[in-house]
Amino acid sequence: MLQTRLACAAWRWHTSAQWTRHCPAMALSSSSRRSYVIRPAEGKRGEVDISMIPPERIRNFSIIAHIDHGKSTLADRLLELTGVISKTGKNKQVLDKLKVERERGITVKAQSVSMFYEYKGQQYLMNLIDTPGHVDFSYEVSRSLAACQGTILLVDAAQGIQAQTVANFYLAFGEGLSVIPMLNKVDLPTAEPERAAKQIESAFEIEADRILKISAKTGLGIEQVLPAVIEQTPPPPGSAEKPFKALLFDTWYDTYVGVVCLMAVKDGSICRGDRIVSSHSGTKYEVMEVGVMHPEQTPTTLLRVGQVGYIVCNMKSIAEAHVGDTFYRDRFPVEALPGFVPAKSMVFAGVFPIDAGEFDRLNESIQKLTLNDSSVSVHKETSAALGQGWRLGFLGTLHMDVFRQRLEEEYDTNILITSPTVPYQIKYRDGTSKFIRTPADFPDANTMNDYVESTMEPFVISTLIFPEKYLGSMLELCTTHRGELQNHTFIDESRVMLKCRLPMAEIVTDFFDKLKSKSQGFASFDYEEAGYDASDLVKMEVLLNGEAVDALAAVMHKSSVIVAGREIASRLKDVIRRQLFDIIIQTTANGKIVARETVKQLRKNVTAKCYGGDITRKMKLLNKQKEGKKRMKRIGKVDLPHEAFLTIVKRSE
Ligand SMILES: Nc1nc2c(ncn2[C@@H]2O[C@H](COP(=O)(O)OP(=O)(O)OP(=O)(O)O)[C@@H](O)[C@H]2O)c(=O)[nH]1
């Protein structure tokens with residue numbers, strides 16, 4: 001420990017020109033050497049010590065692309081090429097570590113990995129950050145880009161440019177990153193690399209002859225990828241002589257070591273035993289471990305300027321890790337980095353434990369999971385129907401669904417989640433305003449006119465890219481969702497890019513499903529926020545046997561009330577099981593009843609069909625019924641299944 005500390009201290013005295021000669025690694029015992037020596041690719045000679053790599057030979061880069069264009073598969077090939085994982089032929093999206101990612105085949109969490117690569121006789125440290133493609137996770141992309149100097153823009157040669165290709169290109173361009181264009185999937189019979197290259201040329205003003213053509217699946221052209229990254233990405237800026245300064249850009253919770261912070265070191269170096277300070281809170285911490293992802297957490301002696309690695313320090317509470325925070329060495333304060341614009345929640349949903357006794361455990365699970373996903377906002381909420389819970393804010397409905405799945409699978413929780421709603425804004429006559437995250441807080445229809453000046457809803461500018469033959473149906477889709485066409489342009493002879501201003505609430509419902517079905521899967525879609533506008537909003541309430549259920553209330557545009565009111569009542573009728581009494585379902589808006597349905601009473605004896613005395617069969621049926629009841633919530637006298645709370649969001653044509 002002391003040895004490491006001395007080595008680290010000695011290290012700081014050396015200029016970058018002297019560093020190889022006086023590398024502290026040389027002073028360490030062979031046992032401590034093991035912790036920072038990483039083997040290069042199979043068949044290559046020797047071992048590589050990460051502290052031996054000067055910043056000029058570090059490249060921090062990411063891969064950005066539209067969903068499914070092959071980022072994670074390309075990452076697999078690069079990890080194989082550099083010997084981080086062996087070439088078994090079985091590696092599939094190795095960096096998609098979460099169960100939810102493997103099940104859904106999508107990346108939801110950016111992952112970083114350090115690799116060594118020999119180029120022109122020199123060892124390079126290549127830090128790759130694999131990012132998600134879906135718009136709901138673009139916050140992960142923008143945070144990751146802050147740790148990089150270059151990015152591979154990957155485009156499927158068969159599909160060409162899609163909506164998220166455009167959005168991610170502009171994110172990288174805005175960050176000033178060097179963009180390395182590549183066409184993937186050239187092995188596909190449907191690939192049209194020349195056409196896709198032309199699209200890249202016309203949309204992003206990138207010369208077609210700069211674009212590499214590869215197949216991440218077959219490995220074709222893979223050997224050109226890292227040389228292109230080295231040639232086209234500048235080394236990380238920063239100085240070895242300046243005091244330590246690092247950007248915290250990701251965190252997660254590790255069962256063994258607790259809070260792990262992923263940092264990009266902007267200046268100086270840090271090692272175990274050092275004391276660091278958070279610019280955000282001023283709290284001091286002792287560094288317990290530093291290391292790189294290779295692909296798992298691999299301890300190293302130090303992290304130095306230009307590197308991307310993790311730090312474990314004695315953070316007691318998970319709330320202390322503030323993504324975007326700048327850390328510096330105790331007694332060597334630095335100017336804080338600008339950090340990140342906080343993620344803005346676009347949809348909110350209530351989360352409640354099915355069993356109220358589970359509240360504390362669920363609270364802890366939510367805290368741990370939000371540490372791994374800082375874009376989720378958390379507020380406590382109490383519902384008359386569902387008791388104590390939380391109102392969580394997400395970046396979109398896929399984000400919400402992934403969070404729910406992770407909460408249930410990784411933390412073994414049994415939760416009830418309500419229909420998502422967008423944040424509405426209420427402007428009052430006294431000049432004040434308020435954001436409404438839950439429909440239950442929407443002003444009462446009877447008294448609203450006395451004190452409310454206007455109700456506002458959030459809008460987005462959406463980008464749709466699709467083959468020309470779908471132009472008519474795409475325009476119709478936008479107008480039926482209260483969209484306002486802004487413009488449309490051709491990105492090549494037969495593909496259209498359409499920009500349209502839409503209320504965010506329309507996207508939360510079923511816009512994406514309809515887009516896919518109306519374009520037979522050929523349209524892609526992305527959006528960015530575009531502020532608030534006044535809108536004629538109404539609160540719809542649901543009454544069960546005359547009792548309003550706050551957790552089922554929804555806010556909607558006046559024009560949707562009749563259709564939505566009928567649909568909600570009829571969907572609830574479909575999902576509520578018959579009980580020992582009639583259940584009257586009513587939907588109301590502005591104090592008027594919009595629709596009414598009845599679930600007729602039924603005495604249900606699940607074992608009735610079991611003639612004879614087969615007790616095991618009876619038990620099986622009773623257990624099955626009990627299992628179903630676990631997901632029920634009793635509202636007054638009525639048992640509501642989980643699906644009842646999600647009926648508000650779905651809408652048919
Ligand atoms: N034929 C062919 N298929 C490929 C190639 N690269 C990737 N794929 C396939 O394309 C699908 C998506 O690949 P991923 O690597 O998961 O794509 P991704 O961009 O990481 O996806 P997200 O992270 O969810 O955005 C998988 O079924 C891959 O096997 C390629 O070069 N050729």
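This report describes the fold, selected strands and helices, and local backbone features of a predicted model.

**Basis and confidence**

Residue numbers start at 1 in each chain and follow the sequence as written. Because the model is predicted, local features need pLDDT of at least 70 and side-chain atom pairs count only at pLDDT 80 or more, while totals for chains, interfaces and linings use all residues.

The pLDDT is the predictor's confidence in each residue, on a scale from 0 to 100. Its average over the protein chain is 82, and 82% of the residues score at least 70. Over residues 1–37 the pLDDT stays under 50, and the model has 51 contacts beyond four places in sequence for this stretch. Residues 39–46 also have a pLDDT below 50, with 12 contacts in the model beyond near neighbours in sequence. A contact here means that the C-beta atoms of two residues, placed from the backbone, lie within 7 Å. For the complex, the predictor gives an ipTM of 0.98 and a pTM of 0.74.

**Overall composition**

The protein chain has 16 helices and 34 strands. These elements are DSSP runs numbered from the N terminus: helices are H or I with at least four residues, and strands are E with at least two. Of the 653 residues in the chain, 45% count as buried. A residue is buried if 20 or more other C-beta atoms lie within 10 Å of its own, exposed if 12 or fewer do, and partly exposed in between, with C-beta atoms placed from the backbone. Among contacts between residues at least 6 apart in sequence, 71% join residues at least 24 apart.

**The six-stranded sheet**

Six strands form an open sheet with mixed pairing, in the order S4-S5-S3-S6-S7-S8. Strand S4 (111–119) and strand S8 (212–213) are its edges, each pairing on one side only. Two strands are taken to pair if DSSP finds at least two bridges between them. Within the sheet, strand S3 (residues 58–65) runs parallel to strand S6 (residues 150–156), and five bridges join them. Ile64 has Leu153 in S6 as its bridge partner. Helix H6 (residues 163–174) packs on the sheet and touches S3, S6 and strand S7 (178–184). The direction of H6 makes about 155 degrees with that of S3. Such angles run from 0 to 180 degrees between N-to-C directions, with axes fitted as lines to C-alpha atoms, for helices over the stretch in contact.

**Strand S20 and its partners**

Strand S20 (residues 387–394) is largely enclosed by the rest of the structure, because six of its eight residues are buried. Strand S18 (residues 347–353) pairs with S20 in the antiparallel sense over five bridges, and Gly350 stands opposite Arg391 in S20. Strand S19 (residues 377–383) is also antiparallel to S20, over seven bridges. Ser377 stands opposite Gly393 in S20, and a hairpin of three residues joins S19 to S20.

**Helix H9**

Helix H9 (residues 359–372) has 14 residues, which should span 20 Å at 1.5 Å a residue, and its end C-alpha atoms are 20 Å apart, in agreement. The expected span is 1.5 Å times one less than the number of residues. The buried residues of H9 are Leu362, Ile366, Leu369 and Leu371. In an α-helix there are 3.6 residues a turn, so residues three or four places apart point the same way.

**Backbone exceptions**

Most residues other than glycine have a negative phi, and most peptide bonds are trans. The table lists exceptions.

| Site | Backbone value | Location |
|---|---|---|
| His294 to Pro295 | cis, omega near -10 degrees | Pro295 in the loop between strand S13 (284–293) and strand S14 (297–300) |
| Arg331 | phi about 75 degrees | loop between strand S17 (326–329) and S18 |

Arg331 is exposed, with 9 other C-beta atoms within 10 Å. Arg482 is partly exposed, with 17 other C-beta atoms within 10 Å.

**Tyr470**

Tyr470 lies in the loop between strand S24 (452–467) and helix H12 (471–480). Tyr470 counts as partly exposed because it has 19 C-beta neighbours inside 10 Å. Apart from neighbours within four places in sequence, Tyr470 is in contact with Lys518, Ser519, Phe522 and Ala523. Between Tyr470 and Ile206 there are 264 residues of sequence separation and 28 Å in space, C-alpha to C-alpha.
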